[in-house]
Amino acid sequence: MPSFPEAAAVSTQDRQLRANLSHATRTIREKRARAVAELADWAELRAAGKAIKDHTLRHLDHYLLQLEAAVTTAGGTVHWAADAAEANRIVADLVLATGEREVVKVKSMATQEIGLNEALAAEGITAYETDLAELIVQLGDDRPSHILVPAIHRNRREIREIFAERMADWGRPAPEGLTDSPAQLAEAARLHLREKFLRAKVAVSGANFMVAETGTLVVVESEGNGRMCLTLPQTLISVVGIEKVVPSWRDLEVFLQTLPRSSTAERMNPYTSLWTGTSDGDGPSAFHLVLLDNGRTTALADQVGRQALRCIRCSACLNVCPVYERAGGHAYGSVYPGPIGAILTPQLRGTASEIDASLPYASSLCGACYEVCPVAIDIPEVLVHLRERVAGQGGHRLERAAVKAAGFVLDHPGVLAAGERAAAKARRLLPRRLPGPGGAWTDSRDLPDLPTEPFRDWWQKNRPQQDS
């Protein structure tokens, strides 16, 4: 992937993409604002969510061991994966051990993060996405561009074309004469997926939360596909980031109020599915939990950056971000786009690559993301913190040199005064556009006109009695 500025320079020129994003994000954020306004104690819920997450992260070792013990007692098996390769190997081995070569999947950002579908394909295993938006992405050989609505960059006409052209390659074809009516598109997806649900013996899921005290996993979704995947197959494999654990059911109560209102603008999710180990005659007969690190303990060690691990994947920050709305999710080069991706991805993957080093700069620092975050992640603070890290590793040498020069000038008033007077005298000769890399800043801005004389000279002429 190219750096964010390069990718965004292309995506911002796509008028259809910008129209799709603008309409969708505006609709979602307006509905969210109304849903949140219904709760008089929203600020208290937000503070409670932050406190619960911070407490859990400080004692993560304790709660993960408690979770493992509870899951094991309930009949499940817990696996620990240090990175993507280990997690993919564990899941592939578990599927191969069943003798199956197909799995159905609940929408899971963790499995997208580790590239599980591709890893399974390399082992001859086909993974079928069952979330409607994820199905659209999979059929279109595309990539997700939003946390809540992975196919937000597609409109109804584009979705109809994808269904008509590609459904037959993955199973039941789209009905003849399919239109772009939402009802018809949903029915085509339902018919296509139903046969997969009924024959699947293995399912792969993520989880929104894991309750340490009972070993219970929780998935919240809006379509019912998750419920089908979690109950019909004989084997269930859940791949979950270690930060998703919460201590108790009382803690879970807070997030079941804040997550739906912040994500889908609903008072509660249409489907909230919970499972604890295995149970005779009810649901899967074998349950495996893969606890994924993949950079999370590295993020946890950063006292400023660790707050990104509070994220409950509601996507509210994406829907208010002016940068995301114009550039789209693909420009971020990660399964985690938008403001949260700009701080989470560089911590999970590091900042060695061009794309990862550019992500902390993919923001105007307007602060809208912090205002809507239901767990009060100070995204602007982490962005600045990560920019400092990138600059410290030499990723932005010109910026470091400029800051160092500015520091010298500001520390020496005489030099500053001389520079101001020289700039005032030469103001007619100054360019309207900055040279070199700085020119990108003036592509859409004019440099301000310099005054005919510096303020300090004007002050000495007009307020000599107040000069100090």
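**Cavities and a helix crossing**

The lining of the second largest cavity divides into eight nonpolar residues, three polar and no charged, where Ala, Val, Leu, Ile, Met, Phe, Trp, Tyr, Cys and Pro count as nonpolar, Asp, Glu, Lys and Arg as charged, and the others, Gly among them, as polar. The model is predicted, so that local features need pLDDT of at least 70 and side-chain atom pairs count only at pLDDT 80 or more, while totals for chains, interfaces and linings use all residues. Residues are numbered from 1 along each chain as its sequence is written, and side-chain values use heavy atoms, with hydrogens and water left out.

This second largest cavity holds about 80 Å³ of space, and its lining includes Cys321, Pro339, Cys366, Cys369 and Leu383. A cavity here is a set of points on a 1 Å grid over the protein atoms alone where a 1.4 Å probe fits but cannot get out, and lining residues have an atom within 4 Å of a point. Of the 14 residues lining the largest cavity, Cys311, Cys314, Cys317, Cys373 and Pro374 lie nearest its centre.

Elsewhere, the axes of helix α8 (residues 132-139) and helix α9 (residues 156-170) come within 9 Å and cross at roughly 75°, which means that α8 is roughly perpendicular to α9, a term covering angles of 65 to 115 degrees. Their contact (heavy atoms within 4.5 Å) involves, among others, Leu132 and Leu135 of α8 and Phe163 and Trp170 of α9.

Methods: 1 Å grid on protein atoms, 1.4 Å probe; cavity = no way out; pocket = protein on both sides within 12 Å on 5 of 7 lines; lining within 4 Å. Points joined across faces, edges and corners; volume = space filled by probe spheres on them. Axes fitted to C-alpha atoms, helices over the stretch in contact; angles between N-to-C directions. Helix = DSSP H or I, 4+ residues; strand = E, 2+ residues; numbered from the N terminus. Parallel < 35°, antiparallel > 145°, perpendicular 65-115°, else oblique.
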